[in-house]
Amino acid sequence: MSRLPFVTRALRLRARSLAGWGTGTVAFVSMMIAIFPVVRDDSSFDELLADYPEPIQALIGGDVSLSSGPGFMSAELYSLMLPVLSAILAANAAAVLLGGEDERGWLSFVVSGPTTRARIVLETAAAVALVAAVPVVAAALTVVVGGPMVDLGLSAGPLVEVSVVMWVFGLLFGAAALLVAGAVGRRGTAVGAATGLVVFAYAAEVVGSVASWGRPLQLLSPFHHLVAAQPAVFGAPWPEVIVALAVTVAMTVVAAVLIERRDLVG
Amino acid sequence: MRCFVCDARQIAPIFQLDELTKRFGDTTAVDRVSLSVGAGEVVGLIGANGSGKTTTMRMLLGLIRPTSGSARIAGGEVARAVVREGVGYLPDDPPLEERWTVGEQLDWWELVRGPARRRAEIEEVLRVESSKRISDLSRGNRQKAAITLTLMQEPQLIVMDEPATGLDPLVRRDLWAILRAAADRGAAVFVSSHVLGDIEHVCDRVIVLRNGRAVFDGTVDELACSSRRIVSIEFGQAAPRAVFADLPGVIDVMVHGSRLDIEVMGSIDGLVKAAAGFEVVEFSTAQPTLEGGFVTLSEEVDR
């Protein structure tokens with residue numbers, strides 16, 4: 001018997017989608033790498049950035065130089081696009097694999113036997129972790145292959161660290177969707193809640209960057225603690241990463257507890 | 001309500017529902033249902049749409065929690081996963097993986113539930129098309145795949161919600177034969193169906209739910225015989241209406257010359273004996289059916 005049949009099922013069902021997102025990520029990162037030499041060799045980009053107000057600079061990674069490989073990739077890939085992609089993919093996977101499967105009656109079909117709901121939640125969490133890693137790994141591999149061609153200068157250590165941070169960021173929102181799906185058994189509600197959290201997290205970071213009244217909100221934002229720390233340049237903020245992992249695990253456990261205590265939907 | 005087979009054989013029931021109740025807000029979907037089913041029994045659960053059949057089955061399997069009362073399988077609380085080890089469940093609308101072939105679906109199910117001793121046999125009997133994608137199958141062929149999933153591990157408790165949906169008469173006959181054989185090997189079969197003709201042929205016992213309450217628990221014959229039907233007697237003389245009007249079970253007597261059409265409920269034994277005292281030219285009546293008994297009972301309960 002397979003030890004993780006629900007993980008393998010989840011990945012089989014999402015294989016085409018993940019291949020598409022992985023390919024898209026490779027294409028996007030390749031394009032970024034290809035245009036890096038233009039930005040590196042033209043100091044006007046850094047001068048343009050220096051003219052922006054300080055909060056705006058902070059939003060687009062302005063405290064690093066665009067003419068450096070890590071700074072450029074931080075601003076163009078790791079500050080918004082990759083973490084949001086990882087988060088949305090993870091949240092959607094969690095919502096579909098738990099909430100969607102509850103709605104269509106698959107969960108009832110499976111747990112009418114000896115399989116526990118908690119096992120489904122835990123294996124779904126494992127599948128979500130793998131889904132969240134797909135764009136991150138695709139991006140990292142593209143950097144490993146394409147970076148040396150343009151002297152990107154993003155070495156293995158920082159690349160691993162920023163990849164871990166991006167992955168953990170995705171996991172956090174995947175776990176949030178898992179929590180909502182575990183609580184209510186509705187795909188749409190789980191996707192909506194997790195997507196709303198991503199938007200809130202980004203908005204809180206923006207508002208906190210440009211207005212003093214937004215600072216308390218900013219402190220609630222995973223963008224602020226994980227992404228804005230610019231791990232491609234300054235390394236991973238490990239204490240924040242550990243806290244994010246702990247919150248992820250806690251939300252997964254709560255999802256398992258909540259789903260055990262409620263009626264299945266379908 | 002007691003399990004006849006369990007009583008007769010002095011064995012523990014495979015499952016037992018005790019005062020099982022489920023409320024959704026102000027609506028009581030299942031109202032203090034108590035019953036038990038033993039090894040070797042095939043029990044039909046019948047009732048109108050919304051009578052609580054599916055809710056009862058879902059509580060039996062621990063998929064939804066009762067508002068009050070309890071469901072036990074092999075003496076254990078259904079919430080404990082180990083108790084559900086030998087359960088095979090077919091929901092009303094089985095969720096299958098559209099992109100997988102039937103064979104892939106069955107293979108994966110074996111990964112989850114362990115080796116399937118009866119897979120080949122059931123695939124053959126139901127003529128399951130294992131190499132086809134689920135999305136390419138007709139409703140009936142999807143149902144056959146789902147039935148195979150439910151039965152291939154040889155479960156000790158088989159719970160099926162409308163298993164005959166979409167099946168042609170030949171496959172329906174094969175399905176009931178498989179279920180009968182499973183019961184003969186010691187499984188308990190608990191099945192709901194709107195096809196009362198099938199229930200009539202395969203079930204040892206029927207339970208009728210009406211508005212969430214179990215209003216009948218007995219044999220198919222007992223329910224069928226309680227049906228209201230017309231007995232026509234052609235006499236060789238003027239019809240003796242008064243003799244029949246007050247017999248037990250007689251609801252109405254209509255006179256058509258020398259013929260009486262007598263509407264009767266339950267046994268017609270008294271009616272036959274009364275007719276024997278006269279010159280009878282012709283005596284005819286419809287065979288009592290489960291459907292007739294069910295309709296009669298439902299009307300009586302609603303009155």
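Predicted model: local features only at pLDDT ≥ 70, side-chain atom pairs only at ≥ 80, totals over all residues.
Strand β7 of chain B is covered on both faces: L157(B), V159(B) and D161(B) lie on one side, I158(B) and M160(B) on the other, and all are buried.

On one side, β7(B), residues 157-161, pairs with β6(B) in the parallel sense, over four bridges. Within that pairing, V87(B) stands opposite L157(B), and G88(B) stands opposite I158(B). There is also a parallel pairing of β7(B) with β8(B), residues 188-192, and five bridges join the two. There, L157(B) has A188(B) opposite it.

Helix α5 of chain B, residues 139-151, lies across β6 and β7 of chain B, and runs at about 165° to β6(B).

Which strands make up the whole sheet, and in what order? It is an open sheet of six strands in chain B, ordered β6-β7-β8-β3-β9-β10, and the pairing is mixed. β6, residues 87-90, and β10, residues 213-218, have a single partner strand each, so they stand at the edges and one side of each has no neighbour in the sheet. From one strand to the next, the twist averages 15°.

E162(B) sits in the loop between β7 and α6 of chain B, where α6 covers 169-184. The phi of E162(B) is positive, near 55°, and the residue is not a glycine. For background, most residues other than glycine have a negative phi. Is E162(B) buried or exposed? Its relative accessibility is 10%, so E162(B) counts as buried.

R127(B) is another case in chain B. R127(B) also has a positive phi, about 55°, without being a glycine. You will find R127(B) in the loop between α4, residues 119-126, and α5 of chain B. With a relative accessibility of 44%, R127(B) counts as partly exposed.

Chain B has a further open sheet to look at. Four strands form it, in the order β12-β13-β11-β14, with antiparallel pairing. Its edge strands are β12, residues 250-256, and β14, residues 280-285, each of which pairs on one side only. On average, neighbouring strands in this sheet are turned by 15° against each other, ignoring direction. β12(B) runs antiparallel to β13(B), residues 259-265, and six bridges join them. One of the facing pairs is V250(B) with V264(B), its bridge partner in β13(B).

On to chain A, and helix packing. Two packed helices are described by the angle between their axes and the distance between the axes. Here the helices are α2 of chain A, residues 15-40, and α8 of chain A, residues 117-146; their axes come within 9 Å and cross at roughly 35°. The crossing of α2(A) past α8(A) is right-handed. From α2(A), the contact uses L18(A), G22(A), T25(A), V26(A), V29(A), S30(A) and I33(A). From α8(A), it uses V131(A), V134(A), P135(A), A138(A), A139(A), T142(A), V143(A) and G146(A).

Last, the aromatic rings. Over all chains the structure holds 14 aromatic pairs. One of them is F36(A) with F72(A): the ring centres are 5.3 Å apart and the planes stand at 45°, so this pair is tilted. The pair joins distant parts of the chain, with F36(A) in helix α2 and F72(A) in helix α5 of chain A, residues 69-78, at 36 residues apart. F36(A) counts as buried, at 1% relative accessibility, and F72(A) counts as buried at 2%.

In chain B, W108(B) and W109(B) form a tilted aromatic pair, 6.2 Å centre to centre with 45° between the planes. Both W108(B) and W109(B) are buried. These tryptophans belong to one aromatic cluster that also holds W100(B), together with F6(A), W106(A) and F109(A).

Definitions and conventions
Residues numbered from 1 in each chain as written. Chains lettered and ligands numbered in written order. Heavy atoms only, no water. Pairing = 2+ DSSP bridges. Axes fitted to C-alpha atoms, helices over the stretch in contact; angles between N-to-C directions. Contact = heavy atoms within 4.5 Å. Left-handed = near helix turned anticlockwise from the far one by under 90°. Phe/Tyr/Trp six-rings, centres within 6.5 Å; stacked < 30°, edge-to-face > 60°. Buried < 20%, exposed > 50% of the residue type's maximum accessible area, 1.4 Å probe, protein only.
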